[in-house]
There are 2 protein chains.
Amino acid sequence: MKIGLDVMGGDFAPKATIQGACLALSEISSSERIVLFGPEEVILEELNLAGTDPDNFIIVNCPEVLGMGEHPTKAIVHKPKSSIAIGFQMLKSGEIDSFSSAGNSGAMVVGSMYSVGTIQGIIRPCTSAIVPKENGTISILLDVGTITDAKPDVMYQFGILGSLYAEHIYKVPNPRVALLNLGTEEEKGNLQCQSSFALMKDSKDFNFIGNIEGRDILKDKADVIVCDGYTGNVVLKLMESVYRLLVKRGFNDDYIDRMNYENYGGTPLLGVNSTVIVGHGISNDIAIKNMILLSKEVHQVGLSTKIQKALQKFSLNNKE
Amino acid sequence: MKIGLDVMGGDFAPKATIQGACLALSEISSSERIVLFGPEEVILEELNLAGTDPDNFIIVNCPEVLGMGEHPTKAIVHKPKSSIAIGFQMLKSGEIDSFSSAGNSGAMVVGSMYSVGTIQGIIRPCTSAIVPKENGTISILLDVGTITDAKPDVMYQFGILGSLYAEHIYKVPNPRVALLNLGTEEEKGNLQCQSSFALMKDSKDFNFIGNIEGRDILKDKADVIVCDGYTGNVVLKLMESVYRLLVKRGFNDDYIDRMNYENYGGTPLLGVNSTVIVGHGISNDIAIKNMILLSKEVHQVGLSTKIQKALQKFSLNNKE
């Protein structure tokens, strides 16, 4: 397997990305190679500082650099020699099997859609977050910012995508899918929730268990929590700030440790025809290492193929 | 001042409400009387159990009881002798100066609108929550569940209402009003946020400082955080569950203490022509006591009059 990594992506790049790639070396097999995308001289310099032999990696020279604030579509068109542009070209051609970046997440979405493309039947690809639950297990929260205005059919597909992700990557059998709402009764919520509930309640595509409230997010009520990207983003960032605040105040235990985003290494872009991982902008070396390991896991499980198959079944169901 | 309290409102009523009323006695002056609304025999029995002389209170016999799950409008129409129905009649007639309940919050909103009514110019009354910030101060988050689908003009009014509440009750000078969003740039967010930002950005009615993200909620970036009731409800309930989880895990300090909802005693229904406080369903005696003290403060400051005046100015501004 060839694991692509954008060396220039993230607030602490290229130092954290190179250090993360070096950390990952000891956790991959000899048949797996990490492919580094970035300006060659920067990569060689950072590898030198890290004391690692460049031969441990495949290096693809990408002289242009994309900024975090650049407009995704324009950036990819105007910078065809950036790490994200070249990374996606090589993902499409099959020269690499996965591509990961903690950089411009908008460019990662646009790059995916214009290269490997969206899985047939998927309206919009999305991203997710891992929520550590009190009982030691996790939930998948989605979307977390890719789709801010999600129509009910898109919300429904979040249920499919989250369910397959929870089942195949986190080994949750028959994941319980819930809608994030402000009450548990069917008629509760805003128009979006009410319409989404109506679509989901008889779902044969996933195990819908109804509404859950904000107070249930950290409890073991659901394995997949569906909401629009605006709400998911607010929840995710609030939880991250709670984690940082607790650590700052000197609190720590096994549960608080599990709130640390570094453990999770980013999120696959769910619904595209390959393995694309979007990392957290503030990824440190540990987070980058975990992003690489996650991309390996997502590829080896064949998540995008499983989603493709589920969507074929879903399309047939729709025609009945 | 006559402070009305629904004895039958809340999950732990009537015990917690009566105990809370007894606790409040020592913190009000002799010119202030607490008026208890509920079935007389229940009130007398609980006062007896609490060892308090019934003459400390004014008791209004309300033989009917509203359930938490009952439909707000139907409940008030079909149960004219319930504590909420009679409480609002007496609030309208001026026999009491404020009315508070930790019971059916929908019935509190409907009861307010059909008795004292909405302040002229206010599109929809709303509720808020207190967010304890890291630096020791608080923010007002609104709406938190009353208006799940808030149009931009309603979101704009949340800015006015929250600003006046922060200024007059929490003594925050020139409160910084922010929009809760998934990024700080103007163009970020869902359609609702984008449209609301466009209305707010040149506001002369409050001090708009732009967008804040989920990670900023607990920081001292804003004094008033505006969002729709769906999002606010999710944030509020998530924070409450974080508090309970931390306490359960044995963590406590002055900051975590400040996350305890009991300290805040509920929220005024902002935008109605009187002082109406909606308490938390799970209010214990301390929360009820604080709800009574909050209703006293909100009445004495004359918050609804200040909102009326602001709305007159707001209306004039609109005509210019």
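This is a predicted model: local features need pLDDT of at least 70, side-chain atom pairs count only at pLDDT 80 or more; totals for chains, interfaces and linings use all residues.
Let me begin with a pair of helices in chain A: helix α6, residues 152-169, and helix α10, residues 285-301, pack at an angle of about 100°, and their axes are 10 Å apart. Since an angle of 65 to 115 degrees counts as roughly perpendicular, α6(A) and α10(A) are therefore roughly perpendicular to each other. On the side of α6(A), the contact is made by A:Y165, A:H168 and A:I169. On the side of α10(A), the residues are A:L294, A:E297, A:V298 and A:V301.

For chain A, the mean pLDDT is 94, and 98% of the residues reach 70 or more.

I turn next to the sheet. In what order do the strands of the open sheet of chain A run? There are 6 strands, in the order β3-β2-β1-β4-β11-β10, and the pairing is mixed. At the edges stand β3, residues 58-61, and β10, residues 267-268, each of which pairs on one side only.

Within that order, strand β1, residues 2-6 of chain A, pairs with strand β2, residues 33-38 of chain A, in the parallel sense, over 5 bridges. As a point of reference along this pair, A:L5 stands opposite A:L36 in β2(A).

Helix α1, residues 15-25 of chain A, lies across β1 and β2, and runs at about 175° to β2(A). Helix α5, residues 105-114 of chain A, packs on the sheet as well, where α5 touches β4, residues 98-101, and β11, residues 275-278. The direction of α5 makes about 165° with that of β11(A).

Let us move to chain B and to one residue of its helix α6. B:Q157 has its place in this helix, which covers residues 152-169 of chain B. Is B:Q157 buried or exposed? Its relative accessible area is 3%, and because buried means under 20%, B:Q157 is buried. Which residues is B:Q157 in contact with, leaving aside its neighbours within four places in sequence? They are B:G121, B:I122, B:I123, B:R124, B:L311 and B:F314.

B:K171 has a positive phi of about 55°, although it is not a glycine. For B:N174, also not a glycine, the positive phi is about 45°. Are these residues buried or exposed? B:K171 has a relative accessible area of 55%, and because exposed means over 50%, B:K171 is exposed. B:N174, with a relative accessible area of 55%, is exposed too.

Finally, I draw your attention to two peptide bonds. In chain A, a cis peptide bond joins A:L142 and A:D143, with omega at about 0°. A:D143 has its place in the loop between β6, residues 138-142, and α6 of chain A. In chain B, a cis peptide bond joins B:A13 and B:P14, and here omega is about 0°. B:P14 has its place in the loop between β1, residues 2-6, and α1, residues 15-25, of chain B.

Thank you for your attention.

Technical notes. Residues are numbered from 1 along each chain as its sequence is written. Chains are lettered from A and ligands numbered from 1 in the order in which they are written. Side-chain values use heavy atoms; hydrogens and water are left out. Two strands pair if DSSP finds at least two bridges between them. Helices (H or I, at least four residues) and strands (E, at least two) are DSSP runs, numbered from the N terminus. Contact means heavy atoms within 4.5 Å. Axes are lines fitted to C-alpha atoms, for helices over the stretch in contact, and angles run from 0 to 180 degrees between N-to-C directions. Buried means under 20% relative accessible area, exposed over 50%, partly exposed in between (1.4 Å probe, protein chains only). Angles under 35 degrees count as roughly parallel, over 145 as roughly antiparallel, 65 to 115 as roughly perpendicular and the rest as oblique. pLDDT is the predictor's confidence in each residue, from 0 to 100.
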